[in-house]
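Here are a few friendly notes to read alongside the model. They cover a ligand site and a pocket.

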Amino acid sequence: MNEFQLIKYLTDWVNKNQEGVIKSIGDDTAVLEYNKNNFLIITTDSLIEGTHFKFSWKIPIKNILYSIGFKAVAINISDIYAMAGSPKYFLVSISAPKNFPVNYLKMIYNGIKSASKYYNVELIGGNTTSNSKIFFIDVTMLGIVNKNNVLYRNNARTGDFIYINGELGNSRMGLELLNRNSNSFKNKFVKSFLLPHPFINWSEIFKIAKVNSAIDVSDGFVADLNHILNDSLKGAEIYLDYLPVDNELKKIKNKKWQDFALYGGEDYKIIFTSPDEIKLNNIYKIGKILNNRKIYLVSDGEKKEVKNVKGYMHFR
Ligand code: ADP
Ligand code: MG
């Protein structure tokens, strides 16, 4: 059973008509009744030693620890933004080997504190355990979203343009550098990977456009776009020549930069679809929603179908 099959199994199994539950499993956050104008939204995500980070990377350990804390909060903020919500409160669960140094924990909490200030979110609880092997951290984030603005994955419409709010592929390059023993915490690619700073100005976008669907990029641009397509029963064409990709990455990676941008993952940018032309700073139009269920890559007028959607998957 792979990750998606498990989620499908759970989606079929949970009660669809729970009181106060607007959206259960299947989107970036769960959505609950809250008050007259707002829904309460909740999401959880973890970072696991060995899977998401390694203490053996060659950058200073204090930088690794700080970024684990910061990133654990940031990746949850990303899911709240993907629903067009505002993050408010969070809980942190950690588990560490018995001999894990206390000052390491403090450095991780420095990162958490700094993310909490940056995003103006409050720590309200959590849990601490020990285990025999690895460090992991799990954050649960609560936010609110205006009922008129909430964005789901399942509402993309044929003809919608596909937008992204920043560069793709940098984080994947950062991971590669770390795994190749780079020791520069200051390198911009390493920074994109270790310290993602999700940001989207929805109010500016809503002023000029109707938005139909959204998701954040955690598994990879095509893999995450594909969640929108599957849930909306649509297809898409992706304009390769318009993908926002760092110039230096294009040079280093020659042709491979396309793979990093399309399938890299952990970009923590927001994909959204809208029938309107949007001309705003740092918002890029990179595709269009189609009525058939296929995905095409378009470049120089040539179309190529994507048959196998690569992306990160836990369990295979
Ligand atoms: P994201 O990448 O946005 O965090 P995921 O792909 O991890 O979303 O999860 C998709 C949906 O499946 C979410 O609604 C999430 O809450 C749910 N989900 C994932 N794993 C589990 C699990 N083990 N038990 C229950 N729900 C899960
Ligand atoms: Mg998400």
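1. A word on terms before we begin: helices are DSSP runs of H or I with at least four residues, numbered from the N terminus. Please also keep in mind that this is a predicted model.

2. With three residues, α5 gives the most to the lining of the second largest pocket.

3. Sorted by class, the lining of the second largest pocket comprises nine nonpolar, nine polar and seven charged residues.

4. Now turn to ligand 1. Around it you will find Ile7, Leu10, Ile25, Gly26, Asp27, Asp28, Asp45, Asp79, Arg153 and Ser218. By class, this shell holds five charged, three nonpolar and two polar residues.

5. Three of these neighbours are worth a look for their side chains. Asp79 places a polar side-chain atom 2.9 Å from an oxygen atom of ligand 1, and for Asp28 the corresponding distance to an oxygen atom of the ligand is 3.0 Å. In Ser218, a side-chain N or O atom is 3.4 Å from an oxygen atom of ligand 1.

6. How much of ligand 1 does the protein bury? Taken alone, ligand 1 exposes 560 Å², and the protein buries 64% of that area.

Note on methods. Residues are numbered from 1 along each chain as its sequence is written. Chains are lettered from A and ligands numbered from 1 in the order in which they are written. This is a predicted model: local features need pLDDT of at least 70, side-chain atom pairs count only at pLDDT 80 or more; totals for chains, interfaces and linings use all residues. Side-chain values use heavy atoms; hydrogens and water are left out. A residue is near a molecule or strand if one of its heavy atoms lies within 4 Å of it. A polar contact is a pair of N or O atoms within 3.5 Å; within protein, one must be able to donate a hydrogen and the other to accept it, and residues adjacent in sequence count only if both atoms are side-chain atoms. Accessible areas come from the Shrake-Rupley method with a 1.4 Å probe; for residues, only the protein chains shown count as cover. Ala, Val, Leu, Ile, Met, Phe, Trp, Tyr, Cys and Pro count as nonpolar, Asp, Glu, Lys and Arg as charged, and the others, Gly among them, as polar. Helices (H or I, at least four residues) and strands (E, at least two) are DSSP runs, numbered from the N terminus.
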